[in-house]
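Dear colleague,

Please find below the structure that I am handing over to you. My findings follow directly after it.

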Amino acid sequence: MNYFDLPKIDLHCHLDGSVRPQTILDLAREQSLTLPSEDIAEIKDMMVAPETCPNLDEYLKRFELPLSVMQEEEAIERISFEVFEDAAKENVKYLEVRFGPLLHTQKGLNLDQIIGSAVKGMKKAEEKYDIKGNYILSILRTMPKDQINEVIDAGAKYLNDGVAAFDLAGSEVPGFCHEFIPYAKYAIEKGYRVTIHAGEQGSGQNVYDAVSLLGAERIGHGIHIKGHQQAYDLVKSDEVALETCPSSNIQTKAVDDLASHPIKAFHKDGVLITINTDNRTVSNTTMTDEVRKVVEEFELTREDYFEIYKVSIEHSFASEAVKQHLRQYAE
Ligand SMILES: O=c1[nH]cnc2c1ncn2[C@H]1C[C@H](O)[C@@H](CO)O1
Ligand SMILES: [Zn+2]
């Protein structure tokens with residue numbers, strides 16, 4: 001299989017985890033920020049999480065440096081354009097990018113400026129390349145909750161015009177969903193679709209709760225439904241698609257190694273899985289690499305690959321017209 005040429009869909013990609021190292025250097029210069037190093041290789045080293053991360057929290061420390069340069073509209077727009085450009089150049093036909101708008105207010109930008117800049121960068125890339133996209137607005141579970149509804153309100157203006165969904169990200173503790181019920185409900189009422197990071201670090205119970213309490217239609221990672229029968233059964237019966245991110249799952253110790261990733265077992269058993277990058281820079285990966293790793297490790301056929309591609313289409317938050325466009329590439 002030529003993994004580069006295959007049409008691909010990435011439904012789980014973080015903006016701040018996918019910044020080009022050179023762009024960090026350029027933006028720091030433009031913004032007169034002092035970086036810990038001016039050397040591109042050293043900057044890249046600081047951005048990529050090692051395979052030896054003890055856990056998710058260690059992985060999450062890699063976002064500080066990119067976020068430091070993402071506090072201006074032009075910077076957010078540029079990075080958004082570049083993520084879509086990088087993906088388009090490796091034949092990603094549809095990309096859902098997520099980010100936490102509240103992480104970009106350090107220099108006084110308001111939420112409309114932040115979300116608007118990200119959408120603008122995406123639209124520029126859509127005009128230039130054969131790629132379509134949507135934004136997912138993430139709330140960091142560890143941050144104060146008093147501004148969550150403001151994010152939902154600010155993003156509502158862009159629904160069906162660049163923004164599609166609501167997400168919870170960041171460190172995962174058992175039982176976190178209970179505290180977010182009113183916010184997920186509010187987002188759904190406003191017209192957002194819902195995907196939630198769950199079962200990455202924590203228990204399968206978090207996946208069960210994300211679906212049953214928060215209305216999640218997709219789950220970020222979801223690895224730990226393995227060993228939690230109720231969560232496993234619910235994901236299957238409700239046709240909740242799992243956004244698996246194999247390289248990231250190894251770095252954060254969600255799995256010990258690729259061979260122990262449950263992705264193939266899930267797929268063979270009828271659990272809906274998709275293949276995604278999570279963070280192109282922090283996980284030092286591309287969609288080409290993720291697809292290659294999964295296909296080779298688990299000896300998937302071309303037919304298996306296109307089954308997964310079709311799950312990604314049908315469970316994306318794309319419009320019917322975009323889904324129709326993506327179906328043309330399926331075999
Ligand atoms: O894999 C992840 N799990 C939980 N949170 C994550 C992951 N990758 C990135 N994040 C966090 C860190 C980013 O700053 C934030 C918004 O993109 O989302
Ligand atoms: Zn993620």
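This is a predicted model: local features need pLDDT of at least 70, side-chain atom pairs count only at pLDDT 80 or more; totals for chains, interfaces and linings use all residues.

Glu-239 is located in the loop between α10 (229-237) and β7, and its phi is near 50°, a positive value in a residue other than glycine. Most residues other than glycine have a negative phi.

A positive phi, near 70°, is also found at Asp-278, which belongs to the loop between β8 and α13. Is Asp-278 buried or exposed? Asp-278 counts as buried, because it has 29 C-beta neighbours inside 10 Å.

Turning to the sheet, eight strands form an open arrangement with parallel pairing, in the order β1-β2-β3-β4-β5-β6-β7-β8. Its edge strands, each of which pairs on one side only, are β1 (8-14) and β8 (273-275). On average, neighbouring strands of the sheet are turned by 25° against each other, direction ignored. Helix α6 (residues 111-128) packs on the sheet and touches β2 (92-99), β3 (132-140) and β4 (163-169); the direction of α6 makes about 155° with that of β3. Within the sheet, the parallel strands β6 (residues 218-221) and β7 (residues 241-244) are joined by three bridges, and Ile-219 of the model stands opposite Leu-242 in β7.

Leu-242 is also among the residues touched by Val-235. Leaving aside residues up to four places away in sequence, the contacts of Val-235 are Val-207, Val-211, Gly-222, Ile-225, Val-240, Leu-242 and Val-271. In soluble globular proteins, nonpolar side chains tend to be buried together.

Helix α5 (residues 73-88) has 16 residues and spans 23 Å from its first C-alpha to its last, close to the 22 Å expected. Its buried residues include Ile-76, Ile-79, Phe-81, Val-83 and Phe-84, as well as Arg-78 and Ser-80. Among the elements that cover the buried residues of α5 are β1, α1 (21-30), β2, α6, β3 and α13 (287-297).

Finally, an unreviewed UniProt entry places the feature "domain: Adenosine deaminase" at residues 7-327. In the model, the end C-alpha atoms of that span lie 10 Å apart, and the span is 45% helix and 15% strand.

Yours sincerely

Conventions: Residues are numbered from 1 along each chain as its sequence is written. Chains are lettered from A and ligands numbered from 1 in the order in which they are written. Two strands pair if DSSP finds at least two bridges between them. Helices (H or I, at least four residues) and strands (E, at least two) are DSSP runs, numbered from the N terminus. Axes are lines fitted to C-alpha atoms, for helices over the stretch in contact, and angles run from 0 to 180 degrees between N-to-C directions. Two residues are in contact if their C-beta atoms, placed from the backbone, lie within 7 Å. UniProt positions are given in the numbering used here, feature names are shortened, and annotations may be inferred rather than shown by experiment. The expected span of a helix is 1.5 Å times one less than its number of residues. A residue is buried if 20 or more other C-beta atoms lie within 10 Å of its own, exposed if 12 or fewer, and partly exposed in between; C-beta atoms are placed from the backbone.
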